[in-house]
Structure formats: structure tokens, C-alpha cells
Amino acid sequence: MFIHKHPYKPFIPKQATKLIVGTLPPPRFSTGNLKPDDVNFCYGSRDGQLWRILDQLFDLNLVYENTKYAIDQRKDFLKSQGIGICDMVESALRDKVDASDIGMQDVVLRDLLGQIKVHPKIDTLLFTGGNSKNGPEYFFRKHLKLNGLKLTPINQEVPRIHVFYVKDKNMTRTIRTVSLTAPSGSANRAVGSMPLYKQIKQRNPSFTTFDFRVMQYREFF
């Protein structure tokens with residue numbers, strides 16, 4: 001079996017108030033077999049849309065290449081906006097070497113609650129996917145359950161919003177979670193079936209699934 005290890009440590013600026021939370025990057029990021037237009041950093045896959053969405057939202061003029069400059073662009077942006085990245089999965093086993101969440105076995109989770117306690121300004125987790133099996137919200141629910149905590153629903157429409165409470169020293173912190181539509185091509189079919197997307201598409205035939213994500217992410221970033 002292929003041992004799929006996360007290649008990056010959590011990147012959390014000291015002043016971070018938000019955390020982007022996914023699962024694992026594609027296996028080639030673990031083996032180092034990157035493509036020329038991959039970026040050797042979180043969500044750096046040439047096929048992913050997260051950085052393209054943020055590029056459009058913040059007019060970042062990002063480059064998409066396997067260079068230190070491309071990495072530094074992204075780190076500088078995250079620091080300036082107080083945004084961190086801490087995916088849920090430290091490692092997993094796979095029968096098939098691909099990037100599907102459903103194919104992960106014997107998953108080892110990261111201590112995300114520990115990271116939240118170390119960074120007292122964090123008040124929002126932005127999941128890059130929902131509660132389907134082996135998605136980031138799914139794993140986070142398991143992580144909370146192991147620590148005697150749970151999510152409380154606030155809004156059950158897409159993107160779903162929950163809160164949970166963390167006792168930290170002499171205070172209780174309220175942390176919000178937002179389950180965004182996954183920034184990957186595999187979620188395009190789900191986007192296409194959403195009533196809101198269909199309504200906008202009917203009014204504006206040039207509206208794309210990428211445009212839908214930009215619209216959704218804008219509110220939370």
C-alpha cells in the first residue's frame with residue numbers, strides 16, 4: 001500500500017484569525033514528483049482552484065510555477081490577511097495512488113484543537129469540503145468527538161455553518177466553521193446541481209462553477 005504523508009507542516013501566522021482546513025494534497029506532493037506549474041505549498045496543485053479563487057478575490061497577480069517566488073507570494077498573502085492552513089490528515093494508506101478522499105485508509109489525524117489553543121485569535125475554520133466520508137468536516141467531527149466536543153448547526157444551507165466551544169484557560173472560545181464547496185474539479189457536478197447555481201446560470205449563461213465558488217468564498221475570506 002502507498003503511505004500518503006502530508007508534505008507540509010501547518011502554516012499558521014501568529015496573528016491568524018482564520019484557518020483553511022482540508023485533508024491531503026495529491027500524492028505527487030508527497031513523493032516530490034511535481035509538475036512545472038505546481039506550486040510546492042499547500043493547495044499548490046495545478047488542478048486545484050483555491051489559489052485561483054483567492055487570486056481573483058484579492059487581485060494577487062499570483063504566478064503558477066514550481067518556484068520559491070510562487071511559494072513566497074502565497075505565504076506573504078496569508079500573513080497579511082491573518083489566514084492559516086492546517087489540513088486534518090497527517091497520513092493515510094492507499095490501495096490506489098490517487099487524490100480521492102474516499103480512498104484513504106488508516107487515517108492519522110492532526111491535532112487541530114491543539115493548534116487552535118496555541119493560536120488564541122483563531123475564530124473561524126474554513127473547510128474546503130463538507131461532511132461526506134473522509135472530507136475535512138467529516139474528519140473534524142471525529143476529532144471533536146474524541147475530545148468530547150461537537151458541532152452545533154447555525155445554517156444548514158450550503159455553505160453549512162456550525163459553531164463549537166473550546167475551553168481555553170479561564171475562558172470559553174466560540175469557533176465558527178464554514179463548509180465551503182470544494183475547490184476541485186470533482187465538485188463541479190455537485191455545484192451544477194445546486195438550485196442557486198441553476199438560477200444564476202439561467203439568468204447569465206456565461207456564469208461558471210468557478211464563478212460560483214468565487215461568489216461563495218468572497219463572504220468568508
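Tutor: Contact means heavy atoms within 4.5 Å. This is a predicted model, in which local features need pLDDT of at least 70, side-chain atom pairs count only at pLDDT 80 or more, and totals for chains, interfaces and linings use all residues. Residues are numbered from 1 along each chain as its sequence is written, and side-chain values use heavy atoms, with hydrogens and water left out.

Student: What share of the contacts with a separation of 6 or more comes from residues 24 or more positions apart?

Tutor: In the protein chain, that share is 59%.

Student: Why is the protein chain called as compact as a globular protein of its length?

Tutor: The chain has 8 helices and 9 strands. Its radius of gyration is 17 Å, close to the 17 Å from the globule rule for 221 residues, so the description holds. The radius is taken over C-alpha atoms, and the rule is 2.2 Å times the number of residues to the power 0.38.

Student: Why is Arg 94 called buried?

Tutor: Buried means under 20% relative accessible area (1.4 Å probe, protein chains only). Arg 94 has 1%, so it is buried. Of the 221 residues, 47% count as buried.

Student: What makes the link between the side chains of Arg 94 and His 4 a polar contact?

Tutor: A polar contact is a pair of N or O atoms within 3.5 Å; within protein, one must be able to donate a hydrogen and the other to accept it, and residues adjacent in sequence count only if both atoms are side-chain atoms. The link between Arg 94 and His 4 is 2.9 Å.

Conventions. Buried < 20%, exposed > 50% of the residue type's maximum accessible area, 1.4 Å probe, protein only. Helix = DSSP H or I, 4+ residues; strand = E, 2+ residues; numbered from the N terminus.
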